[in-house]
Amino acid sequence: MASHLFPSIYTTSVDSTTHYQRLSNLSMLYAPERHEPLHHLAWDESVALSAIERIVRDVEARYSEDMYWQLHPADRQGDRDTRAYETALYDGACGVFWALEYLQTVGAVRLSRNYLTGLPELLSRNRKQLGDAAERNRASFLLGDTPIQMLAFGQQPTHELGTVLDALVASNTEHPARELMMGSPGTMLAALFLHERTGEQRWSNLFQVTAERLWAQLEWSPQYQCSYWAQHFDRNPSTYLGAIHGFVATALPLIRGRHLLGTERWDAWEACITNTVQHTVDRDGDHANWRPQLDHTPDASKKLLQFCHGAPGFVICLAGMPSSALDELLLAAGETIWSAGPLVKGSNLCHGTAGNAYAFLKLYRRTQDLIWLQRARAFAMHGITQAREEAARYRQHRYSLWTGDLGLAVFLWDCIVAEARFPTLDVFYAQHGEA
């Protein structure tokens, strides 16, 4: 371990009783039982590098051309789920392919083979995995064809692939979900990545068309005096606010691509986003969190504090806002994440320790205050322990990007280089040796 230690606040031992007593005053903002005391381990870059290497070597060793990677028990959808593997960017082989390629491109690891040669077969298998939802969700950024075709386009940007991607993004503008995973905000983000990759006008046009359609789909809440989107996944609409299915998930590509919208339109979007975030926050002194949904539903009453629902996703999605109007709330959200401690669900991005800690990296990049980098690295050391213990418990790693160990590996690399590039939201096409 490194000889230097964090300041005393990072190295003081905290037992479970003290931890939960400390959290009890903030129980209105989140559920303390979803969190656990932080292992106060000093940051050690060599330990982080070893963890990345260990994860990647295990992933390579467990690969099968027929079965990809064995589905983790925690990724099964109930006892009747008999799938041997998953294929999507979110929790399957596409995400593993992306993460391995990304880690090699930025210089974190060297791979033993090129996994992207298997993209045509993956595309076919992914459509089969979508089943009855294949047509509806074919364009989905986190579940469908789009990221697989984007990976192929990154390898060989042909006219034919460009046309396919153009059609996918265009076909998704009316998707009723209006969220990142399946809906048009996800394919709007894809269009932005493709525009950054190629500079072609057609991608900026698709981005603008999608943004205008989303503007027209906004609804108004008289109770909260703010705009929101209703997401239609089935017969009953939802009003999610968070960073996968909700309002700030849609805000992320708008913020990132604001230069494509024009000053007048962006000013309107910025006012809309700021107003909704300010009118939906729950506060307790210098701490802040947001409920999962705007409406009073059973889900809305859950006190979640993870990337997909709650303050971590708000910080990550909103950290690129050009104005300082939300800075006080983002800092208060960061304090909540730190006070709560790591999540008991493990080290993953979507609902685990790495996802929450990316908020610290975002706040570090926004404020240049080293306290946030230190906090991110403290969570990183805890996440390494969580991943190791879970692998021993299940006798396998969790082979996915958003729900598994590769998401942790990418986060660890960002802790090493002091960056904040959330996988597939902030970066899709990496540059060689990018630090």
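How many residues lie between S5 and S6 in their hairpin, and which residue in the turn has a positive phi? In this predicted model, two residues sit between the strands, and Gly285 in the turn has a positive phi of about 60°. Strands S5 and S6 run antiparallel and are joined by four bridges. To find one of these pairings yourself, look for Asp282, whose bridge partner in S6 is Asn289.

Here are the elements to look for as you read on:

| Element | Residues |
|---|---|
| Strand S5 | residues 281–284 |
| Strand S6 | residues 287–290 |
| Helix H13 | residues 311–318 |
| Helix H15 | residues 353–367 |

Now let's turn to the helices. Two packed helices are described by the angle between their axes and the distance between the axes. For H13 and H15, the axes come within 8 Å and cross at roughly 40°. The two helices are therefore oblique to each other, and their crossing is left-handed. On the H13 side, Pro312, Val315 and Ile316 make the contact, meeting Gly355, Asn356, Tyr358, Ala359, Lys362 and Leu363 in H15.

Finally, have a look at the aromatic rings. The count comes to 28 aromatic pairs. One of them is Trp69 with Phe97, an edge-to-face pair with 6.0 Å centre to centre and 75° between the planes. This pair links distant parts of the chain, as its residues are 28 apart: Trp69 is in the loop between helix H3 and helix H4, while Phe97 is in helix H4.

Definitions and conventions
Residues are numbered from 1 along each chain as its sequence is written. This is a predicted model: local features need pLDDT of at least 70, side-chain atom pairs count only at pLDDT 80 or more; totals for chains, interfaces and linings use all residues. Side-chain values use heavy atoms; hydrogens and water are left out. Axes are lines fitted to C-alpha atoms, for helices over the stretch in contact, and angles run from 0 to 180 degrees between N-to-C directions. Angles under 35 degrees count as roughly parallel, over 145 as roughly antiparallel, 65 to 115 as roughly perpendicular and the rest as oblique. A crossing is left-handed if the near helix is turned anticlockwise from the far one by less than a right angle, and right-handed if clockwise. Contact means heavy atoms within 4.5 Å. Two strands pair if DSSP finds at least two bridges between them. Rings of Phe, Tyr and Trp (its six-membered ring) pair if their centres lie within 6.5 Å; planes under 30 degrees apart count as stacked, over 60 as edge-to-face and the rest as tilted.
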